[in-house]
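Colleague: Please take me through this model one point at a time, with the cut-offs behind each term.

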Amino acid sequence: WRVLLGCECIGNIKNSTKDNNIAIYPNPNNGIFNVSWKGARENAELIIINTLGQNVFTQVLNNEISTINVPNIKAGLYTLLIMKSKAIIGTNKMIIE
């Protein structure tokens with residue numbers, strides 16, 4: 001058997017994360033939270049994916065620390081990706097209450 005976890009199965013997108021370098025706080029949250037990651041990366045893209053694999057939110061990030069406000073997001077578990085040039089540069093999980 002082979003089980004793939006995480007986001008390694010997204011089309012032909014390269015996963016370049018060697019460790020989890022995204023911090024989300026507070027976590028759990030109500031849809032308003034901060035995202036920070038190691039090393040400032042201009043024009044990185046934050047993508048929030050629900051448990052069905054659907055993209056529910058996307059935002060361009062230009063700062064190492066960003067405050068995110070996702071209106072009307074339903075309670076549940078979400079995966080956050082930070083991407084740059086079609087490469088995943090960080091991932092993490094987030095709980096919305």
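Colleague: In which loop is Pro28 found?

Modeller: This is a predicted model, in which local features need pLDDT of at least 70 and side-chain atom pairs count only at pLDDT 80 or more, whereas totals for chains, interfaces and linings use all residues. Residues are numbered from 1 along each chain as its sequence is written, and side-chain values use heavy atoms, with hydrogens and water left out. Taking strands as DSSP runs (E, at least two residues) numbered from the N terminus, Pro28 belongs to the loop between β2 and β3.

Colleague: What is the order of strands in the open sheet?

Modeller: The protein chain has zero helices and eight strands, and strands count as paired if DSSP finds at least two bridges between them. Strand β3 (residues 32-37) pairs with β6 in the antiparallel sense over five bridges, and Phe33 stands opposite Ile68 in β6. The edge strands, each pairing on one side only, are β2 (22-25) and β6 (65-69). The open sheet of three strands, antiparallel in its pairing, therefore runs in the order β2-β3-β6.

Colleague: Is Leu80 buried or exposed, and what is its relative accessible area?

Modeller: Leu80 is found in strand β7 (residues 76-84). Counting contact as heavy atoms within 4.5 Å and leaving out residues up to four places away in sequence, Leu80 touches, among others, Ile22, Ile24, Phe33, Val35, Gly90 and Met94. Buried means under 20% relative accessible area, exposed over 50%, and partly exposed in between (1.4 Å probe, protein chains only). Leu80 counts as buried because its relative accessible area is 0%.

Colleague: Which residues touch the most other members of the largest nonpolar core?

Modeller: A nonpolar core is a set of buried Ala, Val, Leu, Ile, Met, Phe, Trp, Tyr and Cys residues joined through side-chain atoms within 4.5 Å, and the largest one here has 19 residues. The elements that give two or more residues to this core are β2, β3, β4 (44-49), β5 (55-61), β7 and β8. Beyond its neighbours within four places in sequence, Ile48 is in contact with residues including Phe33, Val56, Phe57, Leu80 and Met94. The members that touch the most others are Phe33, Val35, Ile48 and Ile82.

Colleague: Which residues does the second, separate core include?

Modeller: In soluble globular proteins, nonpolar side chains tend to be buried together. Of the 97 residues of this protein chain, 35% count as buried. The second core has five residues, including Ile47, Ile49, Leu81 and Met83.

Colleague: What is the relative accessible area of Asn72, and is it buried or exposed?

Modeller: Asn72 is placed in the loop between β6 and β7, and its phi is near 60 degrees, a positive value in a residue other than glycine. Ser85, in the loop between β7 and β8 (87-96), also has a positive phi, near 55 degrees, and is exposed with a relative accessible area of 71%. Asn72 is exposed, its relative accessible area being 78%.

Technical notes: Helices (H or I, at least four residues) and strands (E, at least two) are DSSP runs, numbered from the N terminus.
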